[in-house]
Amino acid sequence: MYVHTLEPHEPYTPPEPYASLYVEAGQEPTDMDLYDAEIAQADAHFKAFISMLNELEVYNDTMIILIADHGQAFGEHGVHGHKGKPHHELLHVPLIVHFPAALPAGRVIEQNVQLIDIAPTITDVVGIATPEQFQGASLIPLIMGRDTSAFEGRNIYASSNAGFSVIKD
């Protein structure tokens with residue numbers, strides 16, 4: 001199953017009760033307030049999804065990969081949104097892998113990884129050969145604390161409408 005949400009995304013228009021969650025009394029909401037409110041709304045929907053998986057008794061046998069395709073700038077480097085050269089605030093995004101049937105919980109990976117690593121990770125977990133045309137690498141060695149040499153010194157490439165960045169580990 002694939003689940004996608006567009007939130008949080010500009011324009012930030014969260015409904016109540018989320019819209020006022022992060023606004024200081026007597027103040028107008030900032031973009032950051034509304035962005036945080038949209039994250040809270042997405043969290044509530046995700047919690048309902050997890051509850052449904054638990055009710056169906058399939059949560060522990062379900063692989064869940066939570067990702068974001070980009071971060072958001074709130075004035076850093078003179079940029080708002082996700083336009084401009086890909087700086088840290090646009091590149092450092094959540095990547096959470098949950099699959100209790102096969103993977104340990106609570107592991108934090110320090111190495112830089114890329115979204116293109118997700119498909120090889122899925123094929124690795126389910127035990128099918130990773131197609132040669134896949135450009136990423138399975139994250140399973142990192143998650144399991146095994147040989148991480150494939151990720152050492154690896155360049156991470158990012159591009160946007162305003163530039164290109166190479167991030168060295």
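In this predicted model, Arg154 counts as buried because its relative accessibility is 13%, which falls under the 20% limit for that class. Arg154 is found in the loop that runs between helix H4 (140–144) and strand S5 (155–160), and its side chain forms a polar contact of 2.6 Å with the side chain of Asp117.

The side chain of Glu38 reaches the backbone nitrogen of His9 at 3.0 Å. When neighbours within four places in sequence are left aside, the contacts of Glu38 are Glu7, Pro8, His9, Pro11, Tyr12, Thr13 and Pro14.

The largest nonpolar core consists of seven residues, namely Phe99, Leu103, Leu139, Ile140, Leu142, Ile143 and Phe151. One of these, Leu103, touches Val97, Ile140, Ile143 and Met144, if residues up to four places away in sequence are not counted.

The largest pocket, with a volume of about 1300 Å³, is lined by 36 residues, and Val3, Thr5, Ile65, Leu66 and Ile67 lie nearest its centre. Two or more lining residues each are given by H1, strand S1 (64–67) and helix H3 (118–126), and the largest share, ten residues, comes from H1. By class, this lining comprises 22 nonpolar, ten polar and four charged residues.

The second largest pocket has a volume of about 1100 Å³, and of the 37 residues that line it, Leu91, Val93, Leu95, Val113 and Gln114 are the closest to its centre. The largest share of the lining of this second pocket, five residues, is contributed by S5, while by class the lining divides into 23 nonpolar, eleven polar and three charged residues.

Terms used
Residues are numbered from 1 along each chain as its sequence is written. This is a predicted model: local features need pLDDT of at least 70, side-chain atom pairs count only at pLDDT 80 or more; totals for chains, interfaces and linings use all residues. Side-chain values use heavy atoms; hydrogens and water are left out. Helices (H or I, at least four residues) and strands (E, at least two) are DSSP runs, numbered from the N terminus. Buried means under 20% relative accessible area, exposed over 50%, partly exposed in between (1.4 Å probe, protein chains only). A polar contact is a pair of N or O atoms within 3.5 Å; within protein, one must be able to donate a hydrogen and the other to accept it, and residues adjacent in sequence count only if both atoms are side-chain atoms. A nonpolar core is a set of buried Ala, Val, Leu, Ile, Met, Phe, Trp, Tyr and Cys residues joined through side-chain atoms within 4.5 Å. Contact means heavy atoms within 4.5 Å. On a 1 Å grid over the protein atoms alone, a cavity is a set of points where a 1.4 Å probe fits but cannot get out, and a pocket is an open set with protein on both sides within 12 Å along at least five of seven lines; lining residues have an atom within 4 Å of a point. Grid points are joined across faces, edges and corners, and a volume is the space filled by probe spheres set on the points. Ala, Val, Leu, Ile, Met, Phe, Trp, Tyr, Cys and Pro count as nonpolar, Asp, Glu, Lys and Arg as charged, and the others, Gly among them, as polar.
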